[in-house]
Each structure stands twice: as structure tokens, then as C-alpha cells.
Amino acid sequence: MTITVFGLGFVGLTTSLGFSEYGHTVYGVEINDERLNTIRSGRLPFLEPGLDDALVRHLGSRFFPIGTDRLAEAVAQSDCIYYCVGTPYGHDGQADLTYLFSAIDQTLAVRPADKYQVLVVKSTIPPSTTSTKVIPHLQAKGIEVGHHIGVANNPEFLREGHCWDDFIHADRIVLGVSDERSATLLRQVYATVTEPIHCVSLNTGEFIKYLSNTLLATLISYSNEMSLVADTIGGIDVAQAFRILHEDKRWGGAPMASYVYPGCGYGGYCLPKDTNALYAVSRVAGFDAQILRHVIQINEGMPQAIAAKIERAIGPDKEQTIGILGLSFKPGSDDVRDTPSAKIIRSLMERGYTRICGYDPVANSEFRRYYSDLQISYVETYEALLQQADALVIATAWPEFSDVRKLTAKPVVDCRYML
């Protein structure tokens with residue numbers, strides 16, 4: 001089969017190379033020239049183990065990264081068009097569909113009228129979006145869904161830092177479909193996989209993704225709230241308590257235990273966006289989801305709570321240099337979007353601490369570029385930060401920070417409970 005994929009970020013590039021691995025021909029469309037040129041040169045624009053080898057393996061043979069100038073050629077040959085573009089949430093929490101509708105409109109402008117194709121939304125969108133917004137958008141342009149084209153969603157369940165492994169060894173494939181013809185075509189996309197394939201309704205497909213992510217967000221915020229309760233009561237070894245909790249046989253050694261553990265709050269791209277979006281769409285529909293509302297409130301309040309914890313630990317001297325260990329939102333990734341580290345730094349600055357130095361094994365340059373308004377300094381090595389800082393804050397649980405108390409007698413605030 002031939003597939004066009006819009007967007008070559010974490011999800012789009014993984015999807016493109018994953019489908020190439022399945023034996024399909026894939027055109028990956030990217031509008032950012034810098035990213036496109038990086039990928040064309042055989043390099044990844046971000047850190048993602050395993051994806052680099054897949055790029056070298058398929059570039060120019062099954063995978064062809066292109067700009068919009070070759071879009072007509074790609075779409076004309078394609079059986080499916082996948083959309084892996086950003087769907088950020090706005091001030092009201094609702095998903096912004098601007099990029100998605102733009103990509104769909106670009107597709108419609110060049111698609112062959114006599115060929116049945118399936119438009120597949122892989123971007124995360126709130127339940128009912130395909131049926132109440134995407135399909136009406138197509139119908140308004142004279143497209144008869146199910147006759148001229150099919151419409152579907154195929155949610156992703158990828159963890160940054162593990163995208164390639166999660167795609168190639170998926171635990172399940174979910175296909176939200178509008179008609180049987182689309183379902184048949186999409187099953188052919190996944191014809192070589194052995195994992196369970198679930199064909200469900202459009203709304204169900206979208207909901208499953210949010211069901212997954214909001215559960216993770218809830219577990220993280222529950223754990224953080226319990227750590228605050230423990231701090232309030234006093235005399236409680238929080239890390240020990242949670243480690244013993246994980247010995248409960250009902251967990252069965254599942255890696256889900258990593259979410260039921262306190263830290264700085266959840267960050268990255270998916271959990272904040274999806275939790276806010278599901279709460280917003282539920283509220284608009286007439287139900288105020290109290291657990292989700294409080295999950296969001298707890299997460300939004302964690303940077304201030306962490307900053308207060310740091311101030312209690314290091315004292316009120318605002319002339320101290322505070323060293324932030326870890327800038328990415330989680331270890332194994334250079335993604336800094338919505339990272340708790342940035343929020344903690346802002347909260348510390350609001351308290352008057354202005355001498356802040358940051359270090360991350362892989363994310364220094366990304367953090368500096370993404371948060372250019374934060375006036376902090378950076379060092380390129382762990383050792384340099386230990387030397388320059390008067391006090392240290394572990395904000396990302398990179399394994400290399402586990403020996404920090406052996407390397408220095410300076411105050412260390414372990415916001416990830418990893419020591």
C-alpha cells in the first residue's frame with residue numbers, strides 16, 4: 001500500500017517509519033523546512049532510540065520525506081492519508097483543530113476524484129470530534145463520506161523515549177471507523193501485525209485514547225496529592241511508603257506502578273493536553289467531571305508547592321545559585337514541552353531566586369530555545385553544575401543523578417523521590 005502521513009513529529013515520523021517497516025511506501029509531509037532537511041539528511045530532529053536506525057534503513061527506499069510541493073504526487077498514489085499534526089489545547093481546554101483542518105483541506109485540493117481513500121486522524125482529538133466536526137467539515141465541501149472517501153481515527157499509544165518499540169510491539173491497535181469499506185482498507189495497513197486489532201465506532205476510538213491518558217494523569221496527581229498529605233502530617237518517608245505500595249500483589253509488577261509515584265507533576269505533550277481537553281468537552285456536554293477538574297488543579301499547583309519545598313530546604317537567601325538537575329519532562333527524552341522544570345523555575349523566580357543554573361543530559365539546547373524568556377544559565381556537564389551551584393534540585397529523574405549525595409555535601413532537594 002501507499003500512505004501519506006502529514007506531520008513528522010514524534011507521532012508522525014514514528015508512524016511513517018513503522019508503516020515502512022510493515023512494507024508500505026510512505027510519503028511523510030512536513031512544512032517545517034529545518035525539520036524536513038534534518039530528516040532528509042538521515043538524522044532525527046529529536047532524541048528517540050531505535051527510530052534513528054529505522055530512518056537510515058528506510059529513507060529513500062520506502063520512506064520519502066517531502067514538502068507540500070510534492071503533495072499532489074503523494075496523495076494521488078495513496079490509499080490512506082494519515083494526519084499526525086498538532087492539536088494543542090487553548091485557554092478553554094478545547095483541542096485546537098486548525099492544523100488538522102488545514103491538512104485535510106490541502107488533501108482535498110489535490111486528491112483524485114475517482115479514487116476511494118481513507119482519511120485517518122492519528123492526532124489525538126476529543127471524543128465526538130470526527131463525527132461532529134471533521135465529517136461536517138467534509139460534507140460542507142461536498143464530500144459524501146463513505147462514498148467519495150472514508151473517515152477514520154487510529155489513536156496512538158506511544159511513550160516518548162520508547163516510540164519505536166511501542167509502535168513495533170504495540171499491545172493493541174484501535175481503529176475508529178465510519179464504514180466497513182474503511183475498516184477493510186485499514187486492516188490491510190496492519191495486515192502483518194499479530195497484536196489485537198479492534199474496529200470500533202469513531203467516538204469509541206477517540207475515547208479510548210483519552211481513557212488511557214487521563215487515567216495516567218489521575219494516578220500521577222493522586223500520588224502527588226498523597227505526597228503533600230504526607231508532608232503535611234509529617235514523619236512519613238514518602239519514597240519508602242510508595243515503594244512498599246508497589247509491592248501490593250494486585251499491581252502484578254506492572255509498569256503502571258511508575259505512574260503511582262510522586263514527583264513534580266505530569267508534563268510533556270499528551271497528558272496535559274488530553275486531560276484538559278476531556279474535561280473541557282465533558283463540561284461543554286453538561287457534566288462537570290470533578291475528579292478530572294481536581295487532577296488538573298493539583299497538577300497546576302505542583303510547581304508552587306515544589307518551589308515552597310525548595311525554599312524550606314535551602315533557606316531564604318536569594319543570592320544562592322540553585323542548580324536544576326534535569327530540564328526535559330521525563331528521562332530518556334529531550335522533549336521540554338510543558339515540562340515541570342520550567343514551571344518550577346518560574347515559581348522560584350517569583351519567590352525572588354534569580355541565580356538559577358540548569359543542566360540536562362540531552363535537553364539543554366531544546367530548553368534554551370523553547371523557554372528563551374527564562375533568564376537562567378546553562379552548563380554542559382553534570383560535574384560543572386555540582387561545582388557552580390550552592391544548592392541542587394532534582395527536577396527530572398535521570399538515573400545519573402542518583403549518586404548526587406555521594407558527590408556533594410551541598411543541599412539537595414529530591415523532587416522526584418529517586419534517592
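Which residues does I125 touch, not counting residues up to four places away in sequence? They are T87, L97, L100, T130, E206 and Y210, where contact means heavy atoms within 4.5 Å.

A quick word on the model. It is predicted, so local features need pLDDT of at least 70 and side-chain atom pairs count only at pLDDT 80 or more, while totals for chains, interfaces and linings use all residues. Residues are numbered from 1 along each chain as its sequence is written, and side-chain values use heavy atoms, with hydrogens and water left out.

Back to I125. You'll find it in the loop between β5 (117–121) and α6 (129–139); helices (H or I, at least four residues) and strands (E, at least two) are DSSP runs, numbered from the N terminus. I125 is buried, with a relative accessible area of 3%. Buried means under 20% relative accessible area, exposed over 50%, and partly exposed in between (1.4 Å probe, protein chains only).

One of the partners of I125 is T130, and T130 sits in helix α6. T130 is buried too, at a relative accessible area of 0%. Leaving aside neighbours within four places in sequence, T130 is in contact with I125, I135, P136, V151, N153, L202 and E206. With N153 there is also a side-chain to side-chain polar contact (3.5 Å). That term covers a pair of N or O atoms within 3.5 Å; within protein, one must be able to donate a hydrogen and the other to accept it, and residues adjacent in sequence count only if both atoms are side-chain atoms.

Now for two helix pairs. Axes are lines fitted to C-alpha atoms, for helices over the stretch in contact, and angles run from 0 to 180 degrees between N-to-C directions.

| Helix pair | Angle | Axis separation |
|---|---|---|
| α9 (residues 202–233) and α11 (residues 270–285) | about 110 degrees | 9 Å |
| α12 (residues 290–314) and α13 (residues 340–350) | about 55 degrees | 8 Å |

α9 and α11 are therefore roughly perpendicular to each other, whereas α12 is oblique to α13. Angles under 35 degrees count as roughly parallel, over 145 as roughly antiparallel, 65 to 115 as roughly perpendicular and the rest as oblique.

On the α9 side, residues including Y210 and N213 meet α11 residues, among them C270 and L271. In the other pair, α12 residues including N299 and P303 meet K343, I344, S347 and L348 in α13.
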